[in-house]
Amino acid sequence: MLNLAGRRRTRRTAPAQRLLPVRRCPVMAHRAGGQAVSLLRGRLRLPGPAAAAAGGCAGRGQARLGSSGAAVQRAPQAAGAEEASEDAEVNIRKKTFTEVQTERLEQAEQTVLIKCPPKLNEKKLLQYLSSHGNINSHFFFENRGIHALIEFSEKDSVASLQDAIGIPSAAEHHVVPFKSRLFTFTLKNPVSQAAEETPVHLSPQCHIPVKELIQKLCNADDISSQMYILLNEYQLTEENIKLRFLACSLVRDFTRAYFPDSVVKPFGSSVNTFGKLGCDVDMFLDFHDIRKHTTTMKKGPFEMEYQMKRLPSERLATQKILSVIGDCLDNFGPGCTNIQKILNARCPLVKFSHQPTGFLCDLSVSNSIAIKSSELLYIYGCLDSRVRALVFSVRCWARVHGLTNSVPGTWITNFSLTMMIMFFLQKRSPPIIPTLDQLKELADKKDKHVIGGYDCSFVSDLSKIKPTKNTETLDVLLGDFFEYFGNFDFRKNSINLRKGKEVNKPESSPLYIWNPFEQDLNISKNVNQPQLEKFVAVARESAWILQKEDKTQRMINKEPWGLAALLIPFGKSNPSKMKNRMKGIGSETIRSLLDSLKLNNANSLEKAVGK
């Protein structure tokens, strides 16, 4: 076994870091994924050179917004302006996950999406739209043509605009007369108006390629800076999150036809602060508000209730609801294509492509435990800026080396990998994030939730959680993560975030990660032994590279170093070394089995002698 523990690096604490100021405005101050990337300071911390290295992103926008709501500025902000915004910053930090989601959903209800003409005068477009009401925010993006997302300050403005919009001509195709919030604008006089065209800034909706990312990382001064640069390039932008909530809101317009009080909410990577540009949109149809009416009336001489269709099981009801909504989207939903109804899955869902926003979407029903998992990760992501930087770096590393995949299979999922990182951060000394049991101890009455018999209670108020005293730098955490799991005893131990410690595996799955809430489930049950062994081998190789590489020499040779070196598949550059790592794992497994057999034989002999 390759024992990296003997070459453990000296633990370093974080040096004084330059804080990049944050742009705050009434519209974009809040991100669905969290508050500021460093919640406790309200700023994204890019140690020293990261700001300069990230400056190469100017072509992708003058300011990038992290999934917590704060824009990383390219120019310093005046000290007076920074101090004046402290109160607003504190208010942002106090908002809970639920409050942020509610605010986002309300904004989405006041939003329209417009397909614009190729020759566009932005000023004239906004002047016309302003005649229907005040505009809170807007941005343009490319998706099979230029689109504009327009958020009004009032919902009535959307109705006013809808009243002014015409029905498409039915000369060639008959149209379904559903008045959505998706519009197409064309120029009445294209030739004369083309001269008034002004260039519009297009908000990026996908991250840069890995090859381009590696070049940016090589310009940084240290690994910690590299990790923050990767985070800044890959995280969801403010605009992209607005678009995700709009997609949910547009689906809700259809579900209201059948269930007027229902809500369609995003969950998972779109809201948990760990979403990457280009990831799918997971959404669920929530009937929580409807269930509030199940209590019988206490006043008057009668007990009153609605007459409703009764079905033998909740699963059957879910399947029927999704089947109808899927048909509705397929037959009447503008831009909804490739509808797939996967109703016999453990969690029934409808998959579809939403062409106007460019998202692949998964729609399920009342996925309450999934939303609690999203909230838990949201809290972890908000507690310390290093959490998200480490997760984004490790997940990018895993994808490059084929350890994760976008399609289901026997490999580690992004969710499982994120849970492993959270567990690792709980194990630091002192811990960087608390265990789920510790968060449960801080919960008050409003935080108590039991879903399907599972206790999903934990504190929602971030201000009740004490900040960590751990000051380790990101480069230390990254190397130690690879070292920790490169030597983890997966044969014997499982990973439990509720307790924050290894516990004996309850069954023989190669990788066992306890579901934080449904404690009888293993979220990594799909992972097979070869995939786990591959993960261990690549983790060991990565730890070795970080410990042994000569950064100065690699920079002189113009070779990728640090995190950049880890984002190049090892098999291409040094296949023999990887083969030896894999061979070591296999031989160690055999040795472990032989040792176990020897021990069992010795115990049997001892018992026999005793008799």
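## Charges over aromatic rings

In this predicted model, Lys-548 places its charged end over the ring of Trp-544, at 5.9 Å from the ring centre. A second case involves Lys-372, whose charged end sits over the ring of Phe-458, 4.5 Å from its centre.

## Overall composition

The chain has 611 residues, of which 50% count as buried. Its secondary structure comprises 22 helices and 16 strands. When contacts between residues at least 6 apart in sequence are considered, 72% of them join residues at least 24 apart.

## Aromatic pairs and the cluster

A pair of aromatic rings is described by the distance of the centres and the angle of the planes. The structure holds 21 aromatic pairs. One of them is formed by Phe-488 and Phe-490, with 4.7 Å centre to centre and 55° between the planes, a tilted arrangement. Phe-488 is buried, since its relative accessible area of 10% is under the 20% limit. Phe-490 is buried as well, at a relative accessible area of 6%.

Both Phe-488 and Phe-490 belong to one aromatic cluster, which also contains Trp-397, Phe-424, Phe-481, Phe-482, Tyr-484, Phe-485 and Phe-535.

## Packing of helices α9 and α17

Helix α9 covers residues 223–234 and helix α17 covers residues 474–486; their axes come within 7 Å and cross at roughly 85°. Because angles of 65 to 115 degrees count as roughly perpendicular, α9 is roughly perpendicular to α17.

On the α9 side, the residues that meet α17 are Ile-223, Ser-224, Met-227 and Tyr-228. On the α17 side they are Leu-474, Asp-475 and Leu-478. By class, the residues of this contact divide into five nonpolar, one polar and one charged.

## Packing of helices α4 and α10

Helix α4 (residues 97–109) packs against helix α10 (residues 238–255) at an angle of about 70°, with the axes 8 Å apart. With that angle, α4 is roughly perpendicular to α10.

From α4, the contact involves Gln-101, Arg-104, Leu-105, Gln-107, Ala-108 and Glu-109. From α10, it involves Glu-238, Ile-241, Lys-242, Phe-245, Leu-246, Ser-249 and Arg-252. The residues of the contact of α4 with α10 divide into five nonpolar, three polar and five charged.

Leu-425 is part of helix α15 and counts as buried, at 1% relative accessibility. Neighbours within four places in sequence aside, Leu-425 is in contact with Val-387, Leu-390, Pro-431, Ile-432, Ile-433 and Leu-477. The C-alpha atoms of Leu-425 and Phe-481 are separated by 8.8 Å, while the two residues are 56 residues apart along the chain. Phe-481 is also one of the members of the aromatic cluster.

Thr-435 is buried, with a relative accessible area of 10%. Not counting residues up to four places away in sequence, Thr-435 touches Tyr-380, Gln-426, Leu-497, Arg-498, Lys-499 and Gly-500. Pro-430 lies in this loop too, and the peptide bond from Ser-429 to Pro-430 is cis, with omega near -5°.

## Backbone exceptions

Most residues other than glycine have a negative phi, and most peptide bonds are trans.

Asn-338 is not a glycine, yet has a positive phi of about 55°. Asn-338 is found in strand β10, which covers residues 336–342. Its relative accessible area is 57%, and Asn-338 is exposed because that value is over 50%.

Ser-366 has a phi near 45°, again a positive value in a residue other than glycine. The location is the loop between β12 (359–365) and α13 (368–383). Ser-366 is buried, with a relative accessible area of 16%, whereas Asn-338 is exposed.

How values were computed:
Residues numbered from 1 in each chain as written. Predicted model: local features only at pLDDT ≥ 70, side-chain atom pairs only at ≥ 80, totals over all residues. Heavy atoms only, no water. Axes fitted to C-alpha atoms, helices over the stretch in contact; angles between N-to-C directions. Helix = DSSP H or I, 4+ residues; strand = E, 2+ residues; numbered from the N terminus. Parallel < 35°, antiparallel > 145°, perpendicular 65-115°, else oblique. Contact = heavy atoms within 4.5 Å. Nonpolar A, V, L, I, M, F, W, Y, C, P; charged D, E, K, R; others polar. Buried < 20%, exposed > 50% of the residue type's maximum accessible area, 1.4 Å probe, protein only. Phe/Tyr/Trp six-rings, centres within 6.5 Å; stacked < 30°, edge-to-face > 60°. Lys NZ or Arg CZ within 6 Å of the ring centre and 35° of its normal.
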